[in-house]
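Here is a short briefing to read alongside the model on your screen.

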Amino acid sequence: MIEYLLVMGLALWYAWRYSKTSIDPDWAMFNLGGFTGALYGRGFVDCKTPLSHLWYAGIAAIVGKDVRKVRVVHHVLVSLPGI
């Protein structure tokens, strides 16, 4: 049990560290809908699938419009299948 908690703590620590990196234009585009309410296809157009935009909009709806929180939650959720 303690091993799982240590691995989860490590994943959380890495997510926190990655949340401090600089924001690239793709990340800003993915979060446009979640932070501004713009609709995919109407308010902006992107070559990525709408699911990536909905993913970040869902995270922003849960944790609020805070860049650091959205990035931490995203990195933790993406790392969970590997754990």
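Predicted model: local features only at pLDDT ≥ 70, side-chain atom pairs only at ≥ 80, totals over all residues.

Residues are numbered from 1 along each chain as its sequence is written, and side-chain values use heavy atoms, with hydrogens and water left out. The protein has five helices and zero strands; helices (H or I, at least four residues) and strands (E, at least two) are DSSP runs, numbered from the N terminus.

**Overall fold**

- Along the principal axes, the C-alpha atoms fill a box of roughly 50 × 20 × 20 Å.
- Of the 83 residues in the protein, 23% are buried. Buried means under 20% relative accessible area, exposed means over 50%, and partly exposed lies in between (1.4 Å probe, protein chains only).
- Among contacts between residues at least 6 apart in sequence, 54% join residues at least 24 apart. A contact here means heavy atoms within 4.5 Å.

**Helix H5 on its own**

- H5 covers residues 67-79.
- Which residues of H5 are buried? They are Val70, Arg71, Val72, His74 and Val76.
- Those buried residues pack against H1, helix H2 (25-30), helix H3 (32-36) and helix H4 (50-63).

**Where H1 meets H5**

- Helix H1 (residues 2-18) packs on H5 at an angle of about 140°, with the two axes 8 Å apart. That makes H1 oblique to H5.
- For such values, axes are lines fitted to C-alpha atoms, for helices over the stretch in contact, and angles run from 0 to 180 degrees between N-to-C directions. Angles under 35 degrees count as roughly parallel, over 145 as roughly antiparallel, 65 to 115 as roughly perpendicular, and the rest as oblique.
- H1 passes H5 in a right-handed crossing. A crossing is right-handed if the near helix is turned clockwise from the far one by less than a right angle, and left-handed if anticlockwise.
- On the H1 side you will find Ala11, Leu12, Ala15, Trp16 and Tyr18, which meet Arg71, Val72, His75, Val76 and Ser79 in H5.
- The residues of this contact of H1 with H5 divide into seven nonpolar, two polar and one charged. Ala, Val, Leu, Ile, Met, Phe, Trp, Tyr, Cys and Pro count as nonpolar, Asp, Glu, Lys and Arg as charged, and the others, Gly among them, as polar.

**Where H4 meets H5**

- H4 and H5 pack at an angle of about 120°, and their axes are 9 Å apart. The two helices are therefore oblique to each other.
- The crossing of H4 and H5 is right-handed.
- H4 brings Trp55, Tyr56, Ile59, Ala60 and Val63 to the contact, and H5 brings Lys69, Val70, Val73, His74 and Leu77.
- By class, the contact of H4 with H5 has eight nonpolar, one polar and one charged residues.

- Ser19 sits in the loop between H1 and H2. Is Ser19 buried or exposed? At 4% relative accessibility, Ser19 counts as buried.
- Not counting residues up to four places away in sequence, Ser19 touches Arg68, Arg71, Val72 and His75. The C-alpha atoms of Ser19 and His75 are separated by 8.0 Å, although the two are 56 residues apart along the chain.
- Lys69, in helix H5, counts as partly exposed at 45% relative accessibility. Lys69 and Ser19 are 50 residues apart in sequence and 7.9 Å apart in space, C-alpha to C-alpha.
- Leu12, in helix H1, is partly exposed, with a relative accessible area of 48%. Leu12 touches Val72 and Val76, not counting residues up to four places away in sequence.
- Ile62, in helix H4, is exposed, with a relative accessible area of 72%. Ile62 and Val73 are eleven residues apart in sequence and 9.8 Å apart in space, C-alpha to C-alpha.
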